[in-house]
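Subject: Structure for you to look at, with notes

Dear colleague,

Please find below the structure I promised to pass on, followed by some notes on it. I would be glad if you read them with the structure open beside you.

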Amino acid sequence: MPELPEVETIAQRLREGRETHPLPGMKILRTSLQWPRHIQKPSLSTFRRRIKNRQVVDIGRRGKFLVFTLDEDYMLIHLRMSGDLYLQTASEPRGPYEHTIFYLEDDWQLRFSDSRKFGRIYYVQDPEEVLSHLGPEPLDPEFTAEKLTNRLWKHRRMLKPLLLDQRFIAGLGNIYVDEALHYAGLHPQVQSNTLSNHQAQKLWGGIRTALEKGLVHNGASIDWVYRGGNFQNEFRVYQRTGEPCPVCSTPIERIVVGQRGTHFCPGCQPEKHL
DNA sequence: CACGAGACCTGTTCGC
DNA sequence: TGCGAACAGGTCTCGT
């Protein structure tokens, strides 16, 4: 689920809060930790002790991580596959997967719903303890087409798994990689070091286009996990196996690359380039 | 260094 | 209808 646009949307919503109650400024009074493995760092008891009475100052994003700046220290949350994070009041009904809940002032609660329990929470003094391995932010103005090109040429890997690698570039997941490669007209199994300058340029543009469209639509909502975005209606190839390509009408194909379902248009994204 | 398999979890959808 | 298999937006670790 949550890739860069979805995580960014969630961060925005938490910053704004509900009905003129932004999360920044609220204090965490206590926590309910029904799935202890959510807490990755430090130990459960230390986490419980240190998070108590911290005030949220701001909520940001780096890659797919939510970064909570507290009045002391930082809390980072990774939603992995099925996580969602939202503000509710004590009177609103509990969802079945809200394994971790932060109790705030005035009956507000920050609820971490996570049916597959893959999500992770970190409490650290320095966010870099968790984020240091991440590659560049794809929408950072500093991240130019030239920078991407140089990084692509440093590796000899297929584009699909390389773009999913958070050390190479941060924030892309299965949806946005498939969409970006289609915008760029590149086959997912092309080797990164064989791209021409022009092709690398197009890949840079494809990544930006896919992410920016995702952001405009507040991310994608798929399956039973609804988060209010509607980018799924704009998918060109993701989960559109057999449907005609919106550009050339060739039926979209699904293959498995690096153990991930991969959707592409054989017409727009040929394996061999001219 | 690059890649595949398996693990971590649970819910939904597919195929017989 | 029923039941097991396959599949799912992510990432880590291990073996080749």
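What does the accessible surface of chain A come to, and what percentage of it belongs to carbon and sulfur atoms? The surface amounts to about 12800 Å², and carbon and sulfur atoms account for 47% of it. Please keep in mind throughout that this is a predicted model, and that the values in this message are computed from it.

Overall fold

Chain A contains 7 helices and 11 strands. Its radius of gyration is 20 Å, close to the 19 Å that the globule rule gives for 274 residues, so chain A is as compact as a globular protein of that length. Along the principal axes, its C-alpha atoms fill a box of roughly 60 × 35 × 30 Å. Of the 274 residues, 52% count as buried, and when contacts between residues at least 6 apart in sequence are considered, 63% of them join residues at least 24 apart. As for charge, chain A carries 37 positive and 32 negative side chains, with the centres of the two sets lying 6 Å apart.

Helix α2

One helix that I looked at in detail is α2, which covers residues 44-51 and in which Thr46, Phe47 and Ile51 are buried. Viewed down the axis of α2, the buried residues fall within an arc of 115°, so they line one face of the helix. Ser45 and Arg49, by contrast, are exposed on the other side of α2. What do the buried residues of α2 pack against? Their partners are the strands β1 (28-33), β2 (39-41), β4 (65-70), β5 (74-78), β7 (98-104) and β9 (120-124). Just after α2 comes Asn53, which takes a positive phi of about 70°.

Thr89

The other site I looked at is Thr89, which has its place in strand β6, residues 83-89. Is Thr89 buried or exposed? Its relative accessibility is 19%, and because buried means under 20%, Thr89 counts as buried. Leaving aside residues up to four places away in sequence, Thr89 touches Arg18, Asp107, Trp108, Gln109 and Arg111. Thr149, on the other hand, lies 60 residues from Thr89 along the chain, and the C-alpha atoms of Thr89 and Thr149 are separated by 48 Å.

How values were computed. Residues are numbered from 1 along each chain as its sequence is written. Chains are lettered from A and ligands numbered from 1 in the order in which they are written. This is a predicted model: local features need pLDDT of at least 70, side-chain atom pairs count only at pLDDT 80 or more; totals for chains, interfaces and linings use all residues. Side-chain values use heavy atoms; hydrogens and water are left out. Helices (H or I, at least four residues) and strands (E, at least two) are DSSP runs, numbered from the N terminus. The radius of gyration is taken over C-alpha atoms; the globule rule is 2.2 Å times the number of residues to the power 0.38. Buried means under 20% relative accessible area, exposed over 50%, partly exposed in between (1.4 Å probe, protein chains only). Contact means heavy atoms within 4.5 Å. Accessible areas come from the Shrake-Rupley method with a 1.4 Å probe; for residues, only the protein chains shown count as cover. Lys and Arg count as positive and Asp and Glu as negative; His and the chain ends are not counted. The place of a charge is taken as NZ of Lys, CZ of Arg, CG of Asp or CD of Glu. The arc is that of the directions from the helix axis to the C-beta atoms.
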